[in-house]
Amino acid sequence: MEFDKEQKEEQNPGQDPEQVPAQMSKEELELSQDFTFWSLFKYVGPSIFTFIFIAVYQMVDGAFIEHYVGELAISAINLYYPIITFYIAVGVMIGTGGNAVIVKKVGEGKRKEAGQTFSRVVSFTLLLGILFTAVSLIFADPIMRACGATAGNIEYLRPYYMTLTTFCIPILLQTELGILIIGEGKTVTAAIVIMVGGVVNCVLDYIFMKYLHMGIRGAAIATVIGYSCTLAYAIWFYVIARKSSYYLEIARPDWKEIGGICFNGSSDMVSNLAEGVTVLFMNHLAYRCYGEPGVSALAVVTYVQVLISMVCMGFTSAVEPIFSYHYGSGNIPMRKKVFRLSMRWNIVLGVASIIILYPLRNAVVGFFFVPGTVFYDISMIGYLYTLPAALFTGINVFGSGLFTAFGNGLVSATLSLIRTFVVITACLFGLTALFGGPGLWVAWAVAEMVSLIPTFYAITKYKGRYQYL
């Protein structure tokens, strides 16, 4: 196409297209391959598995706390969820926004500039980490109360909160660098590193709580060490072994570029941050409907919701660099092909999630609570009512991530804000007011279904600009 040719010339001035394949790194070759239905799954599969593993080892973390500390203690994880979600949301924002810019520059052949952007991203994250740690520790009590802590569970929340907050910087960096490593095409490596971190977390949970009697503080320390495995690998990958297609470069501060990166990645941040805020709302609504057992049961239901979301996020995080690369290289046919394949896979993954999770309902809920107890009964209702959301979540997450890949942070952030805050908040309070406790659990599925409307509207509206349809 003439447009395609002009776009390539504009984005790669003075570059001979005949020379590009010879200059491609292994990672670029993986991003530029001619994807099929199964080869796309082979590429994104490790990322999906990685995100699933994150959700599963969080569930194991909660099970250890319930078993060795108590049923009410598990509520501490859910009460802290809005805080750690904020940290992760910021890491995701910088990681996805920076990844889109870096991969696009690599696709344009500007590797030194990509390295300079990488340096700015890491430096900015360190500054934010220092600021967040100071604020979170100084205002610890007001923040814990705002998260829904009560006299009955704040004793469990306090040591968990103080420990994880002290190590805010590793949490930010492991989230951000994990995304950048996936953007390098290292999906399998990223999966292995996170698996190792998860196993380390679970093993240390067992040791710290059973043998060293460290209680919930031990769980928090184990979580920090598990997160740090990704950070340790990233230091080796980027600094020591220099395996990346770009390197840390001396770079002057460029606040305009950082602002653009944050804005572009804001959709992913909004999605994660809004989830934290909605969990905060759910904590208060669960306490209103069921008392403190409801908050503990909500932790289990949240695990299931996070597991479904992680499948969707794992897929989208892996395909975003593909769209970014082909947007930078000007390959329109491949953008269209990967878009079609992605939509099909999101439907398949949604149906598969329900088929797998429904038969496991007794095993999953029973993993945390004894059958017949009020904790078990409340959790089972929430588990069953939340499953239908899997049919719609993948398409909504992908729709938002698509525009992040193209650098359109405004559309991406708008879709995320509508879906993960506006619609879900209205459904939470509206359905709870109408139906009580059951309305709390069904709200997520209803919100995801309603959110398909703005998602498809945006996909249709911008198909001409980005040419993926």
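Helices here are DSSP runs (H or I, at least four residues; strands, E, at least two), numbered from the N terminus.

This is a predicted model, in which local features need pLDDT of at least 70 and side-chain atom pairs count only at pLDDT 80 or more, whereas totals for chains, interfaces and linings use all residues. Residues are numbered from 1 along each chain as its sequence is written, and side-chain values use heavy atoms, with hydrogens and water left out.

## Other salt bridges

A salt bridge is defined as a side-chain nitrogen of Lys or Arg within 4 Å of a carboxyl oxygen of Asp or Glu, and by this rule the count comes to four. One of them joins Arg 120 to Glu 257, whose closest N and O atoms are 2.8 Å apart. Because Arg 120 lies in helix H6 (residues 111–138) and Glu 257 in helix H12 (residues 255–264), the pair ties together parts that are 137 residues apart in sequence. Both Arg 120 and Glu 257 are buried, and salt bridges that share partners join Lys 105, Arg 120 and Glu 257 into one network.

Another salt bridge brings together the side chains of Arg 158 and Asp 141, at 2.7 Å from N to O. Arg 158 belongs to helix H8 (residues 154–166) and Asp 141 to helix H7 (residues 140–146), so this pair ties together parts that are 17 residues apart in sequence. Arg 158 counts as partly exposed at 35% relative accessibility, and Asp 141 is also partly exposed, with a relative accessible area of 40%.

## A nonpolar patch on the surface

Ile 347, Val 351, Ile 355, Ile 356, Leu 360 and Leu 391 form a nonpolar patch on the surface, and together they have about 530 Å² of accessible area. Patches are made of residues with over 30% relative accessible area and no salt bridge, where nonpolar side chains (Val, Leu, Ile, Met, Phe, Trp, Tyr) are joined within 5 Å and like charges within 9 Å; the accessible areas come from the Shrake-Rupley method with a 1.4 Å probe, and for residues only the protein chains shown count as cover.

Helix H15 (residues 332–357) gives the most to this patch, with four residues. Ile 355 is found in helix H15 and is exposed, with a relative accessible area of 57%. The C-alpha atoms of Ile 355 and Leu 387 are separated by 9.8 Å, although these residues are 32 apart along the chain. Leu 360 lies in the loop between H15 and helix H16 (361–368), and at 40% relative accessibility Leu 360 counts as partly exposed.

## The crossing of H5 and H9

Two packed helices are described by the angle between their axes and the distance between the axes. The axes of helix H5 (residues 75–107) and helix H9 (residues 168–183) come within 8 Å and cross at roughly 30 degrees, where axes are lines fitted to C-alpha atoms, for helices over the stretch in contact, and angles run from 0 to 180 degrees between N-to-C directions.

The crossing of H5 and H9 is right-handed, which applies if the near helix is turned clockwise from the far one by less than a right angle, and left-handed if anticlockwise. By class, the contact of H5 with H9 has 13 nonpolar, seven polar and one charged residues, with Ala, Val, Leu, Ile, Met, Phe, Trp, Tyr, Cys and Pro counted as nonpolar, Asp, Glu, Lys and Arg as charged, and the others, Gly among them, as polar.

## Positive phi values

Most residues other than glycine have a negative phi. His 213, however, has a positive phi near 55 degrees; His 213 lies in the loop between helix H10 (187–211) and helix H11 (215–240) and is exposed, with a relative accessible area of 64%. Gln 467 has a positive phi near 55 degrees and is found in the segment after helix H21 (463–466), but at 17% relative accessibility Gln 467 counts as buried.

How values were computed:
Buried < 20%, exposed > 50% of the residue type's maximum accessible area, 1.4 Å probe, protein only.
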